[in-house]
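Subject: Structure handover

Hello,

Here is the structure we talked about handing over.

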Amino acid sequence: MNAGLRITAFAAALAATFGTAYGMGQGLDPVVDEPAPAAHDSHSESSPAAEGGGGHETQPVGGLQMSEGGYTLDLRTPSVTAGTRSDLRFVIRDSAGRAVTAYERDHEKELHLIVASRDLGTYRHLHPTRAADGTWTIPVELPRAGGYRVFADFTPAKKGAENLTLGADLAASGSYRPQQLPAPNTTAKINGYEVRLDGALRPGKASELKLKVSRDGRPVTNLQPYLGAYGHLVALRSGDLAYLHVHPGGEPGDGTTKPGPQISFTATAPSNGAYRLFLDFKHEGEVHTAAFTVRTGASAAPTSEAPTHEDGAEQHGH
């Protein structure tokens with residue numbers, strides 16, 4: 001995942017039938033599993049058009065398919081059972097159909113995998129293991145039935161190859177109840193930590209997002225590097241899961257970037273809409289994920305009326 005902003009949009013169709021059941025059949029990192037939020041007006045969150053953008057992208061987006069730039073994400077495990085630990089397997093194939101076995105390392109890994117539910121209540125940042133034949137494997141347990149999206153972020157070790165993010169749909173079978181996007185918030189509480197968000201996400205215009213980490217009311221000033229940075233921010237647009245991956249300005253050891261309490265990012269939204277932000281940070285040997293809901297153009301400056309919630313983040317190791 002490159003420094004700065006990269007935007008990749010993914011398919012808008014929700015491959016699910018709403019009813020009492022969702023289909024049949026079928027190493028971890030930060031995890032967010034949101035409880036069912038209180039009902040609220042969701043018209044502005046169902047699509048970019050509802051936010052006043054008319055669905056028009058104000059800057060180019062790509063990666064709307066499983067194949068791009070001569071490479072294809074071959075998801076060998078298209079479905080799992082909700083609440084059951086399963087091995088998720090996939091292969092990246094080149095234009096000749098051969099499994100790719102050589103990758104550039106980016107932020108300490110050859111490939112980064114994001115798994116997110118369509119309602120953005122569940123989020124996984126994973127680092128699978130690659131076998132000699134090019135098959136990637138990672139154990140995963142998804143808490144709820146429904147539609148999920150799998151994002152593979154990688155750079156092939158080939159001269160002139162560019163970084164790619166490919167997407168594929170994943171189904172989790174079981175009893176299914178759709179959930180609304182959580183209400184906008186500027187404060188997230190996770191495992192005894194509080195993270196406050198300041199800034200605004202704007203369509204077609206770069207803007208700064210500042211996230212401040214504290215614990216027990218005191219600023220955390222000794223954050224630890226995680227994958228070569230003090231924080232990683234992923235944004236997913238509600239509705240079609242358009243994907244933004246943003247890294248902070250500066251890096252550990254550069255002589256100017258401090259290890260907290262504030263982590264700053266520069267981000268540009270591809271269009272108007274509601275977005276879910278996931279911040280990964282590491283402290284005292286543990287990785288935590290704080291989650292926020294924001295709308296483009298709305299200031300995220302904390303106020304006394306800013307809603308807070310406890311993000312039920314569950315931590316796993318490789």
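Arg 76 forms a salt bridge with Asp 74, with 3.8 Å between the closest N and O atoms; the term means a side-chain nitrogen of Lys or Arg within 4 Å of a carboxyl oxygen of Asp or Glu. The model is predicted, so local features need pLDDT of at least 70 and side-chain atom pairs count only at pLDDT 80 or more, while totals for chains, interfaces and linings use all residues. Residues are numbered from 1 along each chain as its sequence is written, and side-chain values use heavy atoms, leaving out hydrogens and water.

Asp 74 also pairs with Arg 93, where the closest N and O atoms are 2.9 Å apart. Arg 93 belongs to strand β7 and Asp 74 to strand β5, so this pair ties together parts that are 19 residues apart in sequence. Arg 93 is partly exposed, at 23% relative accessibility (buried is under 20% relative accessible area, exposed over 50%, partly exposed in between; 1.4 Å probe, protein chains only).

Elsewhere, Asp 240 and Arg 237 form a salt bridge with closest N and O atoms 2.5 Å apart. Asp 240 is buried at 11%, and Arg 237 is buried at 1%. The count by this rule is 11 salt bridges.

Strands β5 (residues 71–75) and β7 (residues 86–93) run antiparallel and are joined by four bridges; Leu 75 has Phe 90 in β7 as its bridge partner. Strands are DSSP runs (E, at least two residues), numbered from the N terminus, and two of them pair if DSSP finds at least two bridges between them.

Regards
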